[in-house]
Amino acid sequence: MKFRIFFFSMAFSALPTFAQIAPEKPNFIFIVLDDLNDYIEGYNGNPQIETPAIHQLANSGVTFLNAFSNGNGCAPSRTSFLSGKDMTYTQVYSNDDYAPKFRSNFTAAKGNEEVYTLPEILKDSGGYYTYVINKFFHSPLENDFDKTTANPCDKKYSWNKKFTADLTPEFEDLLFSYSNFGTLEYGMIPDSLESKLQDYIGTDTAIQFINNFANGTANTCGKPFFLALGYHKPHSDRFIPAKYFPPYYVEDLNTIPYIIPYNQPYNAFPYNGIVNEPQPEIKYDDYYHLPEAGIAQNMAGIGSIYKIINDMIDDLDVIPEINPLLSDEERKEIIYNTISSNYLTAYYAAVQYVDAQIGRVMDALQSHPDLAENTIIILTSDHGYSLGEKRHWTKWSLWETDLRIPFIIIDPNKPGNQICNSVVSLIDLYPTICDMASVDYPHFADGTDYLDGNSLTPILNNLDAQVEHVALSTAKKANNIGSCFPHYSVRTAQFHYIRYQNNNNGDIDFNTCDETSTNYDAELYKIGENRETDPYEWNNLINNPDYAPVVNFLNQFIPGGDLYLQNPYKVNISNNPLPCFLGNHEYIKFKSSLFNENGTPITGAALSHYTFKWTNNLTAAIYVGNAYNFHTSTIPTAVFNTHDNIIFYLEVTDNLTGKLIAFDTKTIYLNDSNAPTSSFNLATDVLPNSIKIIDYSISGSYNNTYWTFGDGFYSEDFLPATHIYATTGVFF
């Protein structure tokens with residue numbers, strides 16, 4: 001439940017002309033960004049970043065709010081979703097695993113010699129002209145491109161044509177000369193250098209192709225096109241034109257007076273600095289509650305940004321005074337926050353820069369209406385990116401920040417401005433694009449199914465489809481702790497489960513691999529279907545026995561489990577109207593609704609093929625049936641009086657196979673003495689047209705709180721900062 005608090009305020013060389021055959025099939029522009037997380041408009045990742053081009057794409061198509069990468073780095077992710085195979089098959093778990101040429105990763109020695117890439121199938125089976133610009137496969141210079149023939153219409157492998165914008169060493173040296181504080185690989189560069197940047201040149205190349213195709217001067221072998229446009233940013237190194245930077249960027253730590261570039265307090269509005277990443281009440285507390293020196297903390301240290309920043313501070317000849325009343329430790333904390341905020345600011349600038357390039361491509365496409373009306377656009381990222389959450393910068397973890405990605409599909413024949421909350425994975429892209437292009441899926445030589453993903457067509461045709469998609473993501477450290485075995489993330493609509501397998505049982509050197517040991521660490525977070533419960537993964541439930549049935553279900557999706565690479569059925573629990581908090585003499589009447597993997601309801605006699613088993617965390621009761629009545633009086637009094645909720649678990653098994661196919665939970669709150677109560681006062685004399693919440697207290701049981709201020713602003717902070725209204729008035 002959410003506990004609402006409402007209150008009031010007072011006061012490109014010209015080409016020969018080729019006959020262009022009007023394609024019956026749609027064209028595709030497939031945009032993949034590098035390291036783009038959910039810090040864009042529409043994803044609520046950050047309130048300050050402005051991405052109007054991506055926002056316009058969202059307005060024209062379907063935005064998937066729960067899309068996840070199946071890998072946490074460039075090589076594993078791209079190798080997987082472009083081959084259509086899970087990492088258990090590709091065996092590329094990190095960049096270090098990646099062979100210089102894409103197809104060298106698929107060999108008889110590894111048992112994975114058969115590989116069919118998405119653009120290869122579109123080119124060879126689907127009748128598409130495939131064109132790649134810049135980074136798409138992990139190696140942009142190679143990009144799985146056949147260099148043995150000059151005829152673009154007679155190419156093997158993935159592409160008919162390839163373009164890569166190369167930067168000269170001299171230009172790269174010039175960019176690095178703008179490194180922030182001479183150390184960190186980001187910086188503000190003159191706007192005059194923008195047209196020489198890789199992504200800008202790639203955008204120019206895409207625009208030229210679009211214009212030439214629309215004008216009939218592009219040789220696409222008489223075929224519709226599949227244009228793969230890879231953007232390098234916001235990947236490091238982030239040397240971005242000044243015009244894309246927000247105003248909060250520090251180039252000199254010794255400026256007097258010292259200007260603090262980050263929002264103070266962290267939740268101040270209007271903003272007075274860059275809004276940093278969300279943190280628990282005690283900064284990095286979620287990191288410090290992970291097993292000390294375990295795999296999770298070790299993954300958080302990849303990239304070493306935390307250490308680099310602290311080393312920079314330790315190497316300062318003189319600590320800026322900032323304020324004579326501050327201690328050295330307080331000044332160091334401000335400097336640390338300044339440098340880390342600069343890191344965020346450069347990332348924000350990189351996102352806004354690449355958004356501008358996407359806007360240029362879309363403007364070119366829209367200048368040819370007939371072409372635009374037959375072009376499907378897909379935008380996504382290879383994985384997410386952390387910016388200080390859990391004391392972690394860059395990628396390579398299995399947390400939400402590194403796995404959640406923007407994902408937008410624009411089909412001009414379907415309505416726009418649509419939102420989909422279903423969990424989806426990048427590995428689902430291959431079959432989805434095949435469906436949209438009317439191309440048959442590839443099969444292994446023995447005739448068995450090749451693809452590991454599931455088409456999103458049923459969802460695109462019905463955004464409200466009752467489906468239970470699951471996103472499996474895999475990681476493996478390149479060396480040291482956690483380098484022996486893969487680690488897994490399982491994401492459902494409600495939960496995020498992470499399982500780490502240690503190198504050994506701890507009795508021998510941690511670098512030694514013991515193939516017989518099954519020693520695991522794990523994390524479990526209840527995110528919530530609408531990210532309403534624990535969106536930042538601060539509350540690790542793995543040691544809570546009430547969630548053991550959840551963990552058992554989610555383990556089924558890990559390689560070796562019964563549901564690996566399977567979409568389960570979806571079962572929904574509903575109940576009769578109930579008060580918020582139940583007394584000890586209440587009837588709860590449960591009903592269940594079962595849907596197959598495509599969202600088709602299972603009803604009538606077909607239900608007899610399945611067993612529905614109900615259990616709960618407070619009593620030993622077990623009931624079998626698709627409907628269930630429970631009386632709270634069966635809860636022992638002592639147990640009832642000391643608990644504020646009861647969790648019901650519903651397991652659905654297939655009677656033919658005996659395997660678990662669906663699972664759901666339902667939390668019911670108990671005892672009205674646990675009802676939340678709050679009190680607060682308002683101070684209205686802090687600043688003009690402002691209010692400040694003071695003397696705030698809350699008790700009882702609740703999941704979350706949020707505040708509404710009556711002017712359209714709301715805050716999910718436990719205690720909001722002073723709020724300033726634009727005008728004087730009465731707000732409800």
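Arginine 531 sits in the loop that runs between strand S18 (520-526) and helix H15 (548-555). Helices (H or I, at least four residues) and strands (E, at least two) are DSSP runs, numbered from the N terminus. This is a predicted model, in which local features need pLDDT of at least 70 and side-chain atom pairs count only at pLDDT 80 or more, while totals for chains, interfaces and linings use all residues. Residues are numbered from 1 along each chain as its sequence is written, and side-chain values use heavy atoms, with hydrogens and water left out.

Arginine 531 is not a glycine, yet its phi is positive, at about 60°. Its relative accessible area is 18%, so arginine 531 is buried; buried means under 20% relative accessible area, exposed over 50%, and partly exposed in between (1.4 Å probe, protein chains only).

Serine 304, in the loop between helix H8 (295-300) and helix H9 (305-314), also is a residue other than glycine with a positive phi, near 60°. With a relative accessible area of 34%, serine 304 is partly exposed.

Next come the cis peptide bonds. One runs from serine 236 to aspartate 237, with omega near 10°; aspartate 237 belongs to the loop between strand S7 (225-234) and strand S8 (238-241). Another joins isoleucine 256 and proline 257, with omega about -5°, and proline 257 is in the loop between S8 and helix H7 (285-288).

Last is helix H10 (residues 328-366), whose 39 residues should span 57 Å at 1.5 Å a residue. The expected span is 1.5 Å times one less than the number of residues. The end C-alpha atoms of H10 are 56 Å apart, which agrees. H10 is mostly covered, with 30 of its 39 residues buried.
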